[in-house]
Structure formats: C-alpha cells, structure tokens
Amino acid sequence: MFFECRLIALTFKYNLFKIVRSESIGGQRFRNAFSSKNQILFMKQFSILFSSLIIIFFMSGCHSPKPAVEGTENASLSGYWQLNYISGRRIAFEGLYPDKRPEISFDFSRDEINGYTTCNPFSSKFTMEVNKISISAPNASTMSACEGEGEKAFLDMLQKVNKYTVQDSVLNFLIDDVAVMRFAKK
C-alpha cells in the first residue's frame, strides 16, 4: 500500500512538471503566455510547492496505525507467571498457598488465559486493550478438592480485575488503580 501511494504521488508530480514545462498550453507556448520572468518564476515555485504538498498529503494518508495490543505487548506477557501477592483475604499469602502458588499464561491466538489454581488447571477467555483486561469466569477442568480458600480467592479475583501493568518481569492485575494481584515471570 505504501509503495502504491508513493507511485501515485510521484506520477502526479511528474505530470505537474510536464504541464509546467509543456510546449503548449491552450495552443500557446508556455513561456509566451506570461509577459515577465517573475510570473514564470512564481509559477515554477508554486508548482513545486503544490506538488510537495500533494506528495505530503498522499504519504500521510498511506500509513495505517498498528493495533494497540500486538507485538511488543504480547511478547512482554508471554511465558508463565507465578502469583506472589493477592489482596482481599485476611489470611496471609503463605497461608492461602502453603505448598504451591497459582500460575497463569496467555494464549493470544485463542484469547485465553490458562494456568493452575494450585491444585486444578483452568482456562478462561479474556479481552484486552491498552492496559485494560477483562477475564471471563474461569473454568476448572478438574474438580480436585483443594485445601483452604486459595483457589476460590484466586478465581474470584481474576474475574474482578479490569486493568494490568507489566514492568521489569512483574505483572500487576488491578481493579481500577489498585493492585490486587501481582505475578512474577517464571
């Protein structure tokens, strides 16, 4: 698309200069159509300016913006993330997850978030825009009985988050501007 727009702009510029340098305009020689050299100079300067503006116009319209959540953002979220903080429970983090911590990973080809709650695997659909995320109700694929409240706390909080940040191998899930879950890249 970029090269097609550039070709159109260059063709237009060539044709404009061809008209300016043309042997005849309206049956008269171009140089005889003006009585002074200043008018000829003005027309040449005007045609150069006009063709430059047309080229800029065509070139600026040929670039398409890239989607917000592709490439670098997806790359920064790739891999496995292990939970190391969750808010909202009166039990200490180590009390919620004494043996194993929950983990997540993103599958951008299917818009799914997958992982383990500590004793059950889960998957869930998500939608993502620039620093905003919405995670649907997670589905546990097995229903092994898990000790404590850790699994329920994790799955409930996933549904509540609406924003995220990634910085220095740390993924934060937020509710509005309050960090409620923190993951470290594994």
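The talk below takes the labels one at a time.

Modeller: A caution to begin with: this is a predicted model. The protein chain has five helices and nine strands. Its order along the sequence is α-α-α-β-α-β-β-β-β-β-α-β-β-β. Of its 186 residues, 31% count as buried.

Biologist: Why is Thr117 called buried?

Modeller: Buried means under 20% relative accessible area. Thr117 has 0%, so Thr117 is buried. Thr117 is found in the loop between β3 (112-116) and β4.

Biologist: What makes the pair Thr117 and Glu151 a polar contact?

Modeller: The two side chains meet at 2.7 Å. The limit for a pair of N or O atoms is 3.5 Å, so the pair qualifies on distance. Leaving out residues up to four places away in sequence, Thr117 also touches Tyr97, Pro102, Phe122, Phe154 and Leu155.

Biologist: Which class does Asn131 belong to, and how do you know?

Modeller: Its relative accessibility is 39%, between the limits of 20% and 50%, so Asn131 is partly exposed. Asn131 lies in the loop between β4 and β5. Its phi is positive too, about 60°, although Asn131 is not a glycine.

Biologist: Which residues have the most contacts inside the largest nonpolar core?

Modeller: They are Ile104, Phe106, Phe154, Phe173 and Met181, in a core of 27 residues. Elements that each supply at least two core residues include β2 (103-107), β8 (170-175) and β9 (178-185). The most comes from α5, with five residues.

Biologist: What does Phe106 touch, beyond its neighbours within four places in sequence?

Modeller: Its contacts include Trp81, Ile113, Phe126, Met128, Ile133, Leu171 and Phe173. Glu112 is also one of them.

Biologist: Which residues line the largest pocket?

Modeller: Among them are Leu96, Tyr97, Pro98, Asp99, Lys100, Thr118, Cys119 and Glu151. The space in this pocket is about 190 Å³.

Biologist: How does the lining divide by residue type?

Modeller: Into six nonpolar, one polar and four charged residues.

Terms used
Residues numbered from 1 in each chain as written. Predicted model: local features only at pLDDT ≥ 70, side-chain atom pairs only at ≥ 80, totals over all residues. Heavy atoms only, no water. Core = buried A, V, L, I, M, F, W, Y, C linked by side-chain atoms within 4.5 Å. Buried < 20%, exposed > 50% of the residue type's maximum accessible area, 1.4 Å probe, protein only. Helix = DSSP H or I, 4+ residues; strand = E, 2+ residues; numbered from the N terminus. Contact = heavy atoms within 4.5 Å. 1 Å grid on protein atoms, 1.4 Å probe; cavity = no way out; pocket = protein on both sides within 12 Å on 5 of 7 lines; lining within 4 Å. Points joined across faces, edges and corners; volume = space filled by probe spheres on them. Nonpolar A, V, L, I, M, F, W, Y, C, P; charged D, E, K, R; others polar. Polar contact = N/O pair within 3.5 Å; in protein donor to acceptor, adjacent residues only side chain to side chain.
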